[in-house]
Amino acid sequence: MKILYWANVNDTPRPTQDAEILKALKEVADVSFFDIKSFDIKELIEKANESDLFLFHAQVPAVDDITSMLMVERIETILKSVTCKKAMWFMDKVWLGKGMVIERLLPHINYAFFSDETWVRRMNEDVLPLHPAAPIEQIKGAYNPKLACDIAMVGGMYGTRPKEYEFLKDAFGEGVKFFDNKFGTDLADVCASAKIMFIPQFPFDNFFWSERMYSYLSMGGLVVQQRTYGLKEEGFLDGEHYFEYEKEQDLVALLNSLLDSEEIRKQVAKNGQEFVKKHTYTQRVQELLSKIK
């Protein structure tokens with residue numbers, strides 16, 4: 001099979017999901033790719049029409065609404081000109097303006113996959129769930145005393161996250177540290193240095209979660225996050241691969257008990273790291289292609 005993959009592959013220094021997917025695609029198919037931030041539209045269409053499958057994500061890299069809509073129009077133009085099978089894997093929550101983007105693109109696509117399974121379950125369209133995954137190769141982090149803490153929270157501060165962070169700080173004081181977005185070996189070092197990796201609630205729900213769950217576990221971190229029923233359907237087990245809580249009162253008690261037991265933390269982190277070997281982008285790409293075939 002010949003696949004043209006149009007994605008955000010060269011977003012350095014941050015290693016992207018797209019780069020992992022490209023690596024997985026190359027394991028099973030004849031793959032060429034174009035970077036979404038820098039491409040020649042005529043060359044892209046010509047190459048796509050020599051392929052069996054055109055795969056893209058539709059996450060629009062734009063600095064404002066006007067630029068975003070111009071990019072959507074370009075995507076529509078490309079899709080109308082591509083004659084091979086077209087598949088979209090949208091790896092973000094479908095909300096706000098993103099729903100409008102999806103509405104415009106779906107009529108031009110043969111296969112549509114979404115990591116937001118909550119949205120998929122509400123739709124009557126022929127769309128399929130496909131969640132993120134762990135890196136194909138596990139990155140081993142190094143302990144760094146400057147990163148060491150009881151509870152680490154990593155990512156951007158938006159939505160209800162500042163409130164969640166303040167709740168943790170009130171309960172555990174200086175034992176809690178916030179790290180702005182970290183990736184690759186930098187993130188692996190945090191996982192190796194923090195006793196607990198806390199995943200904030202926002203913007204996740206019962207059937208939508210980000211790649212952080214897989215990344216933290218892959219890097220040997222002990223994950224605590226709010227109860228997410230979809231993870232159980234994925235095979236994740238509370239208390240076996242990670243820990244979950246339902247209410248804030250439960251969270252404080254859970255974190256205290258974990259901080260008191262190094263043995264449990266190490267065993268569950270080890271179990272989780274082993275488990276996500278079955279949920280890498282290699283398996284996700286195979287699942288995607290099997291559904292297309």
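Begin by selecting strand E1 (residues 2-7) and strand E3 (residues 53-56), which pair in the parallel sense over four bridges; helices (H or I, at least four residues) and strands (E, at least two) are DSSP runs, numbered from the N terminus, and two strands pair if DSSP finds at least two bridges between them. The model is predicted, so that local features need pLDDT of at least 70 and side-chain atom pairs count only at pLDDT 80 or more, while totals for chains, interfaces and linings use all residues. Residues are numbered from 1 along each chain as its sequence is written, and side-chain values use heavy atoms, with hydrogens and water left out.

Remain at E3 and select Leu55, the bridge partner of Tyr5. Buried means under 20% relative accessible area, exposed over 50%, and partly exposed in between (1.4 Å probe, protein chains only).

Proceed to helix H6 (residues 161-172). Its 12 residues reach 16 Å from the first C-alpha to the last, close to the 16 Å expected at 1.5 Å a residue; the expected span is 1.5 Å times one less than the number of residues. Select Arg161, Glu164, Tyr165, Leu168 and Phe172, which are buried. Seen down the axis of H6, these buried residues fall within an arc of 100°, so they line one face of the helix; the arc is that of the directions from the helix axis to the C-beta atoms. An α-helix has 3.6 residues a turn, so residues three or four places apart point the same way. Turn to the other side of H6 to find Lys163 and Asp170, which are exposed.

To see what covers the buried residues of H6, show strands E7 (149-154), E8 (176-179), E9 (194-199) and E11 (243-245), together with helix H10 (248-259), which are among the covering elements. After H6 comes Gly173, with a positive phi near 55°.

Finally, select the cysteines Cys149 and Cys191. A search of the whole structure finds zero disulfides, a disulfide being a pair of cysteine sulfur atoms within 2.5 Å. For Cys149, the nearest cysteine sulfur, that of Cys191, is 10 Å away, too far for a bond. Cys149 counts as buried at 9% relative accessibility, and Cys191 counts as buried at 4%.

Definitions and conventions
Contact means heavy atoms within 4.5 Å.
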